[in-house]
Amino acid sequence: MNHDPLSSVGELPEPSAPTSIERVVMARIARMADAPPRVQAVPDRKAQWLDVPAWAASVAGLAIFIGSWIAGHVESGLLVAVQVSPQTAAAALVHPPATLTAMLGITVGSILFVGGLFLPDPPSFPRPPASKNPAC
Amino acid sequence: MTTHGTNDEPAAVRAAVHAVRSGHADAFSEIVRRYQRRVFGLALMVLREPAAAEEVTQDAFVRAYTHLDAYDTSRPFYPWLATIAVRLAQNRLVHRGRVTEHEAPAAGPDVSDAGATDPLSSLISSEDGRALWRRVAELPAGERSAVILHYRQDLGVKDVARALGVTAGTVKTFLFRARQRLRRMAADAPGKENV
């Protein structure tokens, strides 16, 4: 058989559509137009939760920076801020200026922390012999 | 073959789309009237159940209405509508569990006796036509959809690819395999009906 077996698919009859389709579709569309908007104003819980003044977020970011810088540990910096307020600490991580400060601190703290892992052990010095004098 | 070329999109359809977008929802009835038979035929060929095909047709039009903003007016309307319809039909097939990763060609309860249960078969007057449809109905879902969209609905390979969410190469592969499979079926058929 040489001819394309699919050549006559287009010749199959077109079934007639149920007459109700147009009526049902237009009724559904009309109901959608009458119905109140599906998307109602839902309060953004995330935004609400992080609704912290910019100055507070900046202070928290600074605390994270100082904590991370001094301790060399990211978690220490976060701890400082979280002890003040977890909400403020979280805000520090999403508020642009505070984020910059906090991330800088976290980066420096991380470098200090990771760098510390590769430092050689401190040299050990011979301890002075214990005095044999019982009075000492 | 029916001529549903994509380049001769009626001006009435473009006008209706513009009117609906301008807030005249009633203008959508022009689109429904014009394409309901074609969309229903597509859904029926994919699903092979009139009730399911009717529901898919309705859903396709409603979805087209709600997503009309996403329609690119520089492209013909029907391939976009067919894409919605064929994806809804495929979703329904998946939910019915009739599409599996390696669907057996003979899957589905209405395949072996398509002439008796398939509503389309009753419309086909010639025995050759019935035999052809019986074989097309036996094709795996992807190949069947590609065959229907390309040969039946006159969509180009790129439009078929967009509708099925595959590449144009995959569509060509679907069509090539479908041709081979149909040739094999015709050769194996008792009496070797001419397709």
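Predicted model: local features only at pLDDT ≥ 70, side-chain atom pairs only at ≥ 80, totals over all residues.
Chain A contains six helices and zero strands. Read from the N terminus, the order of elements in chain A is therefore written simply as α-α-α-α-α-α. Of the 136 residues in chain A, 25% are buried. Contacts in chain A between residues at least 6 apart in sequence were also examined, and 67% of these contacts join residues at least 24 apart.

The largest nonpolar core comprises 56 residues, among which Ala43(B), Leu81(B) and Ala85(B) touch the most other members. Helix 2 of chain B, spanning residues 28–47, supplies the largest share of this core, with 12 residues. Two domains of chain B take part in this core: domain 1 (6–96) and domain 2 (119–188) each contribute at least three residues. The surroundings of one residue, Ala85(B), can be listed in detail. When residues up to four places away in sequence are not counted, Ala85(B) touches Val39(B), Leu42(B), Ala43(B), Val56(B), Thr57(B) and Ala60(B).

The packing of two helices in chain B is considered next. Two packed helices are described by the angle between their axes and the distance between the axes. For helix 3 (residues 50–66) and helix 4 of chain B, the angle is about 135 degrees and the axes lie 9 Å apart. An angle over 145 degrees would count as roughly antiparallel, and one from 65 to 115 degrees as roughly perpendicular; helix 3 and helix 4 of chain B are therefore oblique to each other. The crossing of helix 3 of chain B past helix 4 of chain B is right-handed. On the side of helix 3 of chain B, the residues that meet helix 4 of chain B are Ala52(B), Val56(B), Thr57(B), Asp59(B), Ala60(B), Arg63(B) and Ala64(B). Their counterparts in helix 4 of chain B are Leu81(B), Ile84(B), Ala85(B), Leu88(B), Ala89(B) and Arg92(B). An α-helix has 3.6 residues a turn, so residues three or four places apart point the same way.

Helix 8 of chain B, residues 157–164, has the buried residues Asp159(B), Val160(B), Ala161(B), Ala163(B) and Leu164(B). The elements covering these buried residues include helix 4 (77–96), helix 7 (141–152) and helix 9 (168–188) of chain B. Just after helix 8 of chain B, Gly165(B) adopts a positive phi of about 70 degrees.

Positive phi values also occur in residues other than glycine. Arg48(B) has a phi near 65 degrees and is placed in the loop between helix 2 and helix 3 of chain B. Because 24 C-beta neighbours lie inside 10 Å, Arg48(B) counts as buried. Asp154(B), with a phi near 60 degrees, lies in the loop between helix 7 and helix 8 of chain B. Asp154(B) has 18 C-beta neighbours inside 10 Å and therefore counts as partly exposed, since the buried class requires 20 or more.

Finally, Ala186(B) is located in helix 9 of chain B. With 17 other C-beta atoms within 10 Å, Ala186(B) is partly exposed. Although Ala186(B) and Arg135(B) are 51 residues apart along the chain, their C-alpha atoms are separated by 8.3 Å.

How values were computed:
Residues numbered from 1 in each chain as written. Chains lettered and ligands numbered in written order. Core = buried A, V, L, I, M, F, W, Y, C linked by C-beta atoms within 7 Å. Buried ≥ 20, exposed ≤ 12 C-beta atoms within 10 Å, placed from the backbone. Helix = DSSP H or I, 4+ residues; strand = E, 2+ residues; numbered from the N terminus. Domains from an automatic or database assignment. Contact = placed C-beta atoms within 7 Å. Axes fitted to C-alpha atoms, helices over the stretch in contact; angles between N-to-C directions. Parallel < 35°, antiparallel > 145°, perpendicular 65-115°, else oblique. Left-handed = near helix turned anticlockwise from the far one by under 90°.
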